[in-house]
Amino acid sequence: MNLPLYEQLALALTAGVLRGAVYALVALGIVLVFRGSGIFNFAQAEFGTTGLFAAYWALEIKGWGYPTSFLFGMGVAIALGLLTERLVIHPLRDSSRVTLLVGTAGVALAAIGFQFWWFNETLVMSMPKINEAFFMTPWGAVVTVQELITLGVLAVVAVGLALFFRSPSGLAIQAAQQEPVASELVGISVRRVSMLTWGIAAALGGLAGILAGPYLTFSAGFLSFGAVGALLPGFMAAVLAGMRSMPGAVAGGLLVGCIEQLSSLSILDGAVPGAGALVLFVFLLGVLLVRPQGIFVGKVATA
Amino acid sequence: MTISSRSGSPGPDAAEETTVIPVVPAQDGADETTTLPPIDVPVLEDEEFEPQADRDATFRPSRAGWAARSAVWLVLAWFVLAFPVNFLSPFTLGVSDVSAASEAAIFAIVGLSLNVLLGYAGQISLGHQAFVGIGAFTSAYVVVDLEMGFWFAVAVASGLGLVQAAILGAVSLRLTGLYFALVTLAFGNFAQQTVFAIPELTGGEGGKEAPRPAMFDSDYSYYFLCLGFLAVVLFLDWRLTRSKAGRALQALRENPRVASSYGINVKAYTLLAFAVSGLFAGLAGALMAHHDEVIVNQKFGFQLALLFVLMTVVGGLRSRSGVVIGSAFFALLHSGHLLSLLEPVTQTIFRFSLVDFITGTIGLPIEFVALVIGPILLLLTITMYPGGIGQQIAPIREWMLGRRFDRHAGKVTEVEVNDVRA
């Protein structure tokens, strides 16, 4: 039984936007780190999964309340981000970018390893939703309140970051990346700015992880390549944003989510298995070859 | 342009220059212009350096030195050739241990393949499991569905690996550094979810049969087959680094623009590196398929790609022996055989069970040991010992090759160069 095409389209776009919100959160973190330190952070999604594991542990094993557990998860994610900055990024600050990339990939793998270690008895975990309610849209898509909360959080975070980058601290982050020595001379502590960048990025990752966790069951590596594999889509969204633009990252995340879901249309489905991955790969190649500077980039702010 | 060799010892060029330069100007200058005193400072400096360089260049081990080196070589040969197959060995290993040893040899080929890309060409691949996987399924397909011979299947798998890597390499020429890492990541994801999910090619969930040839049916003979291929790959890799192509790759990794201004064809040599890497990866894939005999598509996930990067970097980029040791180490750690091999040793010597300690006291199941230890080793390697295992074993390797034992041999300060830009 196949639905008419326009209904499928509506369903796919709804699912795409909702899933895209998670991608956009991850993409924001990736863009922030790239703007702050010029690094492709492959550990971004794992900050989220680790935060999710911590929140799950606090809620289900320790029996703390939902708000406390949420904050605890965020705290663990931020702590992981700061530890990464101190133990890996800072000692390697003079190395090549590929070395740093291998370093962040190592952090991601270490996080996955520790997640396995921590919860190796539990095979399938599921985090309860903040609000279990859901409703049907007029075109028949099921939308959970949890997904709407994620979308709302994304909007708040995006606006907040846009404002933040106009504040002195936000400008300091950019200055420190572009001219570290000159920034030190005008009184910006590059070290503190770097810590700040990674802390915020890890918090964004934590938000993505803890908010997306209840969508499905989860296991180690959930947000990187597990049930909600947001690492690659997040990077694609960041590329669409030219690795610099915050609003671009949000738009890119939503677009990537939609494109991925469009491949589930029945006219494509069945032709090849895993059409989503194929479409994403071709899309990324196309974007990188045709417009490597990104799509959602306005005037590049240099200040 | 001159390219300094990685080991600290001065090459023949440097020795020649030091002998020629000081003699000429001092004599002529004294005859023509009598006012100027002869400049003898550089002469003194060179004479100070001469004996050390000379001593190293003409160093020959004594008779006892040769004997010691031969003994170590013999032990090494025994360990690789005889120990796994229970020949001349006080230990008895099971068939599964030999099978793990074959896997270690296959992983070593993968490590060398990634080393060509990451170490020689300076391009990171996060989708190497796709190259290996496509090689594996191709070989299985050729043997089972097309009913061709094993050797032909290996050739086809290697050739396909070469072609797909060259295509991806052609793409990479338009991209730089970090963006290329993303493309390989997406390619790996695409291969895993799309290509490996085609049931006609991969046999679906149950896996694809990949029978071994009759000659290499037993695990013992298959181990020697893998070793043979590893030796071929090592030889090719050695020839690659010693040839004009190897020097060109080194130059363009250091700085593509300078290399290009010296007349090095950057595109052609980058493509060559990709092709060689793909060839090795396809070969490793084919060997892996027939090693497992039933190859399952879940095997080629993103974690495997990360494990490949891990073992190559920990092994030490641009160090063949280091990469082989690192890859074998991680292969054995990954399959859990390293711990079960070490278990009797720690039991008898220390009266202490390593496995009990890890699974009981720390609470870490054996199959996750590589996943926990690996990243820690990786981070230690890139932050503290950028040369990896290759750097650690360099003094012993130099000594075994008949040189003086030098604690500081093979010292490197940086894993990669600073010129890989996004």
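In the predicted model, Trp117(A) is partly exposed, with a relative accessibility of 25%. Over all chains, the structure holds 25 aromatic pairs. The ring centres of Phe114(A) and Trp117(A) are 5.3 Å apart and the planes meet at 25°; because this angle is under 30 degrees, the pair is classed as stacked.

A tilted pair is formed in chain B by Phe137(B) and Phe196(B), with ring centres 5.2 Å apart and planes at 55°. Phe137(B) is located in helix 6 (residues 128–144), whereas Phe196(B) occupies the loop between helix 8 (177–193) and helix 9 (199–202); the pair therefore ties together parts of chain B that are 59 residues apart in sequence. Phe137(B) is buried, at 1% relative accessibility, and Phe196(B) is also buried, at 1%.

One aromatic cluster comprises Phe34(A), Phe40(A), Phe42(A), Phe235(A) and Tyr179(B). In chain B, Arg212(B) is placed over the face of Tyr222(B), at 4.5 Å from the ring centre, and Arg239(B) over the face of Trp238(B), at 4.9 Å from the ring centre.

A nonpolar patch on the surface consists of Trp73(B), Leu76(B), Phe79(B), Val80(B), Leu81(B), Phe224(B) and Leu401(B), which together have about 630 Å² of accessible area. The most is given by helix 4 (residues 63–82) of chain B, with five residues. Phe224(B), another member of the patch, lies in helix 10 (residues 219–242) of chain B and is partly exposed, with a relative accessible area of 35%.

Definitions and conventions
Residues are numbered from 1 along each chain as its sequence is written. Chains are lettered from A and ligands numbered from 1 in the order in which they are written. This is a predicted model: local features need pLDDT of at least 70, side-chain atom pairs count only at pLDDT 80 or more; totals for chains, interfaces and linings use all residues. Side-chain values use heavy atoms; hydrogens and water are left out. Patches are made of residues with over 30% relative accessible area and no salt bridge: like charges are joined within 9 Å, nonpolar side chains (Val, Leu, Ile, Met, Phe, Trp, Tyr) within 5 Å. Accessible areas come from the Shrake-Rupley method with a 1.4 Å probe; for residues, only the protein chains shown count as cover. A salt bridge is a side-chain nitrogen of Lys or Arg within 4 Å of a carboxyl oxygen of Asp or Glu. Helices (H or I, at least four residues) and strands (E, at least two) are DSSP runs, numbered from the N terminus. Buried means under 20% relative accessible area, exposed over 50%, partly exposed in between (1.4 Å probe, protein chains only). Rings of Phe, Tyr and Trp (its six-membered ring) pair if their centres lie within 6.5 Å; planes under 30 degrees apart count as stacked, over 60 as edge-to-face and the rest as tilted. A charge sits over a ring if NZ of Lys or CZ of Arg is within 6 Å of the ring centre and within 35 degrees of the ring normal.
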